[in-house]
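Please read these points beside the sequence and the model. They are meant for a colleague who is meeting this structure for the first time.

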Amino acid sequence: MSMRISRFVLAPALFVAACAPESGAPEGESVECAFGEGALAPDCLLEAAGEGVFTIHHPDATFQRIRLDPETGELSAADGADEIAVEADPAAGAVEFVIGSARYRIKRGTLVSSAP
């Protein structure tokens with residue numbers, strides 16, 4: 001009897017899993033990033049998530065969320081335990097910041113132009 005029950009429970013679960021929509025690759029603008037001691041390279045993707053929140057997708061499928069305050073223009077970590085350390089470099093025309101062991105460089109205006 002248990003064999004019959006397990007077949008009826010397992011079959012719908014497999015059907016639902018097979019019908020689940022695939023998540024596509026994130027869309028956005030390429031930004032420079034580095035992890036640990038690595039050199040900055042345009043390996044990350046910046047995606048607008050709405051209301052001043054952006055997601056930075058890493059090459060290993062992990063991500064980081066940041067928030068841009070529309071009134072002050074300040075960046076902050078949108079979630080997670082790590083704080084954000086911002087280093088603005090007006091001469092370079094970019095904003096550099098660190099969250100945990102990840103470093104990022106985003107050209108000025110990219111965050112604003114990426115907003116939905």
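1. A word on terms comes first: a residue is called buried when its relative accessible area is under 20%, exposed when that area is over 50%, and partly exposed in between, with a 1.4 Å probe and protein chains only. By that reading R65, with a relative accessible area of 29%, is partly exposed.

2. This is a predicted model, in which local features need pLDDT of at least 70 and side-chain atom pairs count only at pLDDT 80 or more, while totals for chains, interfaces and linings use all residues. Residues are numbered from 1 along each chain as its sequence is written, and side-chain values use heavy atoms, with hydrogens and water left out.

3. The pLDDT, which is the predictor's confidence in each residue from 0 to 100, averages 79 over the chain, and 72% of the residues score at least 70. The mean is highest in β1, at 95, and lowest in helix α1 (residues 2–19), at 45. Where pLDDT is low, the predicted coordinates should not be read in detail.

4. As to the overall layout, the chain has two helices and eight strands, and along the sequence they follow the pattern α-β-β-β-β-β-β-β-β-α. Helices (H or I, at least four residues) and strands (E, at least two) are DSSP runs, numbered from the N terminus. Of the 116 residues in the chain, 23% are buried. Among contacts with a separation of 6 or more, 30% are between residues 24 or more positions apart.

5. Strand β1 (residues 29–35) runs antiparallel to strand β2 (residues 41–50), with four bridges between the two, and V31 stands opposite C44 in β2. These strands form a hairpin with five residues between them, in whose turn G36 has a positive phi of about 70 degrees. The pairing of β2 with β3 is also antiparallel, over five bridges, and A48 has F54 in β3 as its bridge partner. Two residues separate the strands in the hairpin of β2 and β3, where E51 takes a positive phi near 50 degrees.

6. The interior deserves a look of its own. A nonpolar core is a set of buried Ala, Val, Leu, Ile, Met, Phe, Trp, Tyr and Cys residues joined through side-chain atoms within 4.5 Å, and the largest one here has 17 residues, with I56, I66, L75, F97, Y104 and L111 having the most contacts inside it. At least two residues of this core come from each of β1, β2, β3, β4, β7 (94–99) and β8 (102–107). Leaving aside neighbours within four places in sequence, Y104 is in contact with residues including F35, C44, I56, H58 and F97.

7. Beyond its neighbours within four places in sequence, H58 is in contact with F35, C44, F63, Q64 and Y104.

8. Side chains of opposite charge can pair when their charged atoms come close. A salt bridge is here a side-chain nitrogen of Lys or Arg within 4 Å of a carboxyl oxygen of Asp or Glu, and three are counted by this rule. One of them joins R105 to E32, at 3.2 Å from N to O; R105 lies in strand β8 and E32 in strand β1, so this pair ties together parts that are 73 residues apart in sequence. The side chains of E96 and R105 also meet in a salt bridge, at 2.8 Å from N to O, and salt bridges that share partners join E32, E96 and R105 into one network.

9. Another salt bridge is formed by D79 and R65, whose closest N and O atoms are 3.7 Å apart. This pair links distant parts of the chain, since D79 is in the loop between β5 (75–77) and β6 (84–89) and R65 in strand β4, 14 residues apart. D79 counts as partly exposed, at 32% relative accessibility.

Terms used. Contact means heavy atoms within 4.5 Å. Two strands pair if DSSP finds at least two bridges between them.
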